[in-house]
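Thanks for opening this one with me. Please have a look at the model below, and then we can go through some notes together.

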Amino acid sequence: MQNNQSRKLAHGAMMIALFTVLMAIVFYVPMANIVAALIAPLPIIWYSAHYDRKSSALVFVAAVAVTFFIGGLLILPASLIFAAAGMTIGDAIFNKKSKVFMFISTSVVLLFTFALQYVIAVRLFEVDFIRESLDLMKASYMESIKLSEKLTGQATPKEVMDNLTAMLNTLEMTIPASITLAMLLFALLFMAVNLPILKRLKVDVPKFAKFSELRLPRSVLWYYLIVLSINLFVRPEPDSALAIIMLNVSMVLWVLLTVQGISFIHYMLDCYKQPKFLKVISTLVAIPFYSFVVLIGIIDLGFNARDYIQQKSQK
């Protein structure tokens, strides 16, 4: 018992030290900081995968505290994000959860952590970094337009200015969806990078099914139909709260259905035993033609298209 407790403390101290080193590299070592950011959750993941939730929570708090004392407030938001992701992924491994559960739980925790930090920054420090980033972007665009006018000696057409204003307004309204998708991407990246490393360290990690076998819950299709019906029949006023909500939900659903459509295309290529490079080409082509790919995703979720493709390919 004493040996187990000593081992737990020793491993905790080692992982806290390693996490601190990685966070220091993220903030103070150019070039290497990208790689360090991707593997920064690894020490917390490893510890949480081996020890119970209470011990993992203590290591989480200690790791964040140590990085705060070393880097101050500047490093605190990132260390919270990385440590929270690490503890969530590790806890899912410890409790033998599926990779889908791991992905969803990590995304939710990352989103909650980011939202909490944003609220604290606005309420306590009166720093709205999202608003400041948008204002900086708008100022940058305006400076570029003024420079262009000086170089060409011609005023920017009103149509161009209107399109620019509309684009910036849309970008501002879709901030919630953009942040949500960013947290989903971060969760996926953390898992994609760290789980293979953990496997090499003899940690039993769950496996994802092939991307071509991805099937989103059919409820995604119902959500899409509800949003589509509201936009067609209710027609919320532009800039209203309902319109902004529908725009953000639609953006997330478009991305999910695009991913589902690409998965179906990969499934067809597998059924017909096509070369793998066609998957890369089809994925790249799907991005500019996402509207068509969304339709494919809807057909894949709404109908039994995969069985039909499988039967056709076997003839």
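This is a predicted model: local features need pLDDT of at least 70, side-chain atom pairs count only at pLDDT 80 or more; totals for chains, interfaces and linings use all residues.

1. Residues are numbered from 1 along each chain as its sequence is written, and side-chain values use heavy atoms, with hydrogens and water left out.

2. How many salt bridges does a search of the whole structure find? The search finds 9, where a salt bridge is a side-chain nitrogen of Lys or Arg within 4 Å of a carboxyl oxygen of Asp or Glu.

3. Let's begin with Asp52 and Lys8, a salt bridge whose closest N and O atoms are 3.5 Å apart. This pair links distant parts of the chain, 44 residues apart: Lys8 sits in helix H1 (residues 2-28), while Asp52 belongs to the loop between helix H3 (42-50) and helix H4 (53-71). Helices here are DSSP runs (H or I, at least four residues), numbered from the N terminus. Asp52 counts as partly exposed because its relative accessibility is 29%; buried means under 20% relative accessible area, exposed over 50%, and partly exposed in between (1.4 Å probe, protein chains only).

4. Next, find Lys210 and Asp270, which form a salt bridge with 3.7 Å between the closest N and O atoms. Here too the pair links distant parts of the chain, 60 residues apart, with Lys210 in the loop between H9 and H10 and Asp270 in helix H11 (residues 241-271). Lys210 is partly exposed, with a relative accessible area of 48%, and Asp270 is partly exposed at 26%.

5. Stay in that loop for Phe211, which lies between helix H9 (175-200) and helix H10 (219-234). Which residues does Phe211 contact, leaving aside its neighbours within four places in sequence? They are Val259, Ile262, Ser263 and His266, contact being heavy atoms within 4.5 Å. Val259 is 48 residues away from Phe211 along the chain, and their C-alpha atoms are separated by 9.5 Å. With a relative accessibility of 35%, Phe211 counts as partly exposed.

6. Finally, look for Arg131, Lys138 and Glu172, which a network of salt bridges links together.

Technical notes
Helices (H or I, at least four residues) and strands (E, at least two) are DSSP runs, numbered from the N terminus.
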